[in-house]
Amino acid sequence: MEAVLDDLAGNWPLYTAIPVVAALIGYVTKRVAIEMMFRPLDFVGIKGTFLGWQGVVPRHGGRMAATATDLLTRNVLDVADVFAKIDPDRLLREIEQPLLQAVDEIAREVLAEHHPRLWERLPPMARDLVVKHIQAGAPRLVHRVVDELRDDIGDILDLKQLSVRRLTRDKALLVKLIRETSRPEMAFIARSGIYFGFFLGIVQSIVWALTKNPIVMPIFGASIGLFTDWLAIKLIFVPRDPLRLPSGLVLHGMFQRRRAEVARQYGEMIAAELLTVDNVLDALLRGPKSDRLVAMVRRLVAEAIDEQAGVARPLVDATVGEHRLDAMKRAAATRVAERLPATLRPAKNYLSKAMDVANLVEQRMMRMSSTEYEGLLRPAFRQDEWKLVAVGGVIGFLVGELQVLLMLH
């Protein structure tokens, strides 16, 4: 024992350095593990082999996007609730001018294209009267479209497909969604490496002083890397619900403890990046169920034209003909769908506020169970988690070998 104390006294700078280096090992392994989760976005290395790396999140982007979206659509966001908040009268006020302009252009284009002789023979004043008559029915058509969308939006808009497609195509967005909502947890993982590493480094110094066995350093280094990586990830999620110890100390997973903050941030990102007005319109008009929207618009436009014809329907049938009238209805419906994004553009701010996606997501997330809430972030760690922990062990082992060289020289 006296020899050990003499060794400690004679080499105290080296023994003091061991916990510091161990803390550095813990921090470095955590930082590496964190970056390996998100970077690089694309595979770097020899394709077709295991020699290379792609960030865990972007590598499993499709699966993670599907998991997150399934949770989002099942427990957090009901698209019917989003559309239920849109007021047709307020929408009409927002788009009044572009709507009248669109109706004017569509009416003139369709009539000139499908019945050029009749249209050309009408004097300008008569043409304007026809257009104004059609414009008068536009508000009723908007009401009908909004009402039917609210009633049947689940059959027309595939929210899950919209989200998966967006997140899969834009890997950077998926990384941002997970990284931004888990930034404090990532910082905690990195800091935990310092604390855990320093404590184990003290134990490492004592064991080295007692044994002088060269294998001790790399084993401890690997243990520090493995254990602290594993423990840090567990502490983020466990325990799911607050656990009060007899001492009064409350244990609660960090991610679970931050639910209110995460819910607000997650809702804002979903509203700003995923379920935007532009993305919803794109999904409605070009998504896998877009044919149902087109069919609905065609039917409503045809009904509106029939109503506009009114008592003059026999005259319309005689001058235009049923076949030509049907073609005009289809052409008008097609142009209505094509001009929908431009017509709604002035109402984007209103629609964003009306849909209120951020608050809706936040409220629903606050009502989720602890297990459901954990599912927002847990898949990002669960995929290839063992690889991240193993990297920590390998780096710790190598740094431990370096410590041996320093101690022996």
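Colleague: What classes make up the lining of the second largest pocket?

Modeller: The lining has 7 nonpolar, 2 polar and 1 charged residues. Ala, Val, Leu, Ile, Met, Phe, Trp, Tyr, Cys and Pro count as nonpolar, Asp, Glu, Lys and Arg as charged, and the others, Gly among them, as polar. This is a predicted model, where local features need pLDDT of at least 70, side-chain atom pairs count only at pLDDT 80 or more, and totals for chains, interfaces and linings use all residues. Residues are numbered from 1 along each chain as its sequence is written, and side-chain values use heavy atoms, without hydrogens or water.

Colleague: Which residues line the second largest pocket?

Modeller: Phe188, Leu235, Val238, Pro239, Val250, Leu251, His252, Gly253, Met254 and Arg257. Strand S4 (250–251) and helix H14 (254–257) each give two or more of them. Helices (H or I, at least four residues) and strands (E, at least two) are DSSP runs, numbered from the N terminus. A pocket is an open set of points on a 1 Å grid over the protein atoms alone, where a 1.4 Å probe fits, with protein on both sides within 12 Å along at least five of seven lines; lining residues have an atom within 4 Å of a point.

Colleague: Why is the contact between Arg364 and Asp81 called a salt bridge?

Modeller: The closest N and O atoms are 2.3 Å apart. A salt bridge needs a side-chain nitrogen of Lys or Arg within 4 Å of a carboxyl oxygen of Asp or Glu, so the pair qualifies. Arg364 sits in helix H21 (residues 357–366) and Asp81 in helix H5 (residues 79–84), 283 residues apart. The whole structure holds 26 salt bridges.

Colleague: Is Arg364 buried or exposed, and what makes it so?

Modeller: Its relative accessible area is 16%. Buried means under 20%, exposed over 50%, partly exposed in between (1.4 Å probe, protein chains only), so Arg364 is buried. Asp81, at 28%, is therefore partly exposed.

Colleague: Which residues touch the most other members of the largest nonpolar core?

Modeller: Phe83, Leu91, Leu157, Tyr266, Ile270, Leu284 and Met365, out of 89 residues. H6 gives the most, with 9 residues. A second, separate core has 5 residues, including Tyr15, Ile18, Trp208 and Ala209. A nonpolar core is a set of buried Ala, Val, Leu, Ile, Met, Phe, Trp, Tyr and Cys residues joined through side-chain atoms within 4.5 Å.

Colleague: What does Ile270 touch?

Modeller: Leu72, Leu177, Leu275, Val357 and Val361, not counting residues up to four places away in sequence. Contact means heavy atoms within 4.5 Å.

Colleague: How many helices and strands does the protein chain have?

Modeller: 24 helices and 4 strands. Of its 409 residues, 45% count as buried.
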